[in-house]
Amino acid sequence: MTEITIYIGIDDTDIPGSRGTGRLAHDVAIAVSEKYRAYAITRHQLFVDDRIPYTSHNSNAVVHVDASGPEVCSEIFEISKQVMLDQFLEGSDPGLAVGDSDQIRPPLIVMAQDAKTTVLDQELPRALAKNLGIRLEGLGGTEDGVIGAMAGLGLAATKDDGRFLLLGSLRTIMKETDVETLLANGVDSVYLPDGRQVTSGIIRLGGGENKKKKDNRYPKPSAVAGKTVLFVKEIEDGIYQAYMRR
């Protein structure tokens, strides 16, 4: 039986000094969780180009919800929309898309992959939303956020893109942990970039390339071929440093 998930795609093309798309996604997840289980949030990297307005990295966020069906999609859309409208900042261009696994077809996945390498406009995402029955709306400004919101759905549904900002209790694991704890809390495997699998040892989460960002001091594994994988660098025998793979 195919697993059905409702995906909430958020791209608020935030402005400098704002709380960021990730924080907004967490607030949406909290609101949705009052009725449905929002079990994960993923971040997806889109194309970085001077022709595309973005604050720092041009990324979007997707909330994964254990639910299905058109009526539930509509209800989740309205909950998410209200959170986004409540937090709207002048100068931002937010977009919101909500659809379930059955609605995310190959053309949307291709468009989402193109959004990682190409400058797109709103025409194709809006046409895809209409033809696939996906709820999509621009919530202010130029409404260019609809591009990233739709791209988020396509990328998240592949289970082969992005990294997890929220998954189970991983967010409560701070600064340092061991491989066994990670494997018991939602991570499928830990790997070095050269292909060696790490099955034991200490994983440092703070410091390194992320030492200036306290909110990076928890594990953010990547979605790779349907698995949740944390990539690490070896510091010394039995000690590793987690790093963020875009």
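This report looks at one helix and some salt bridges in a predicted model.

Let's start with helix H4, which runs over residues 123–132. Pro125, Leu128 and Ala129 are buried here. They sit on the same side of H4, because they cover an arc of only 100 degrees around the axis.

What do the buried residues of H4 pack against? Their partners are helix H3 (106–114), strand E5 (135–138) and helix H5 (145–158). Just after H4 comes Gly133, with a positive phi of about 75 degrees.

## Salt bridges across the chain

Side chains of opposite charge can pair when their charged atoms come close. This structure has ten salt bridges. One of them joins Arg126 and Glu143, at 2.7 Å from N to O. Arg126 belongs to helix H4, while Glu143 is in the loop between E5 and H5, 17 residues apart. Arg126 counts as partly exposed because its relative accessibility is 32%.

Another salt bridge pairs Glu137 with Lys81 (3.0 Å, N to O). Is Lys81 buried or exposed? Its relative accessibility is 19%, and the cut-off for buried is under 20%, so Lys81 counts as buried. Glu137, at 25%, is partly exposed.

Terms used: Residues numbered from 1 in each chain as written. Predicted model: local features only at pLDDT ≥ 70, side-chain atom pairs only at ≥ 80, totals over all residues. Heavy atoms only, no water. Buried < 20%, exposed > 50% of the residue type's maximum accessible area, 1.4 Å probe, protein only. Helix = DSSP H or I, 4+ residues; strand = E, 2+ residues; numbered from the N terminus. Arc of directions from axis to C-beta. Contact = heavy atoms within 4.5 Å. Salt bridge = Lys/Arg side-chain N within 4 Å of Asp/Glu carboxyl O.
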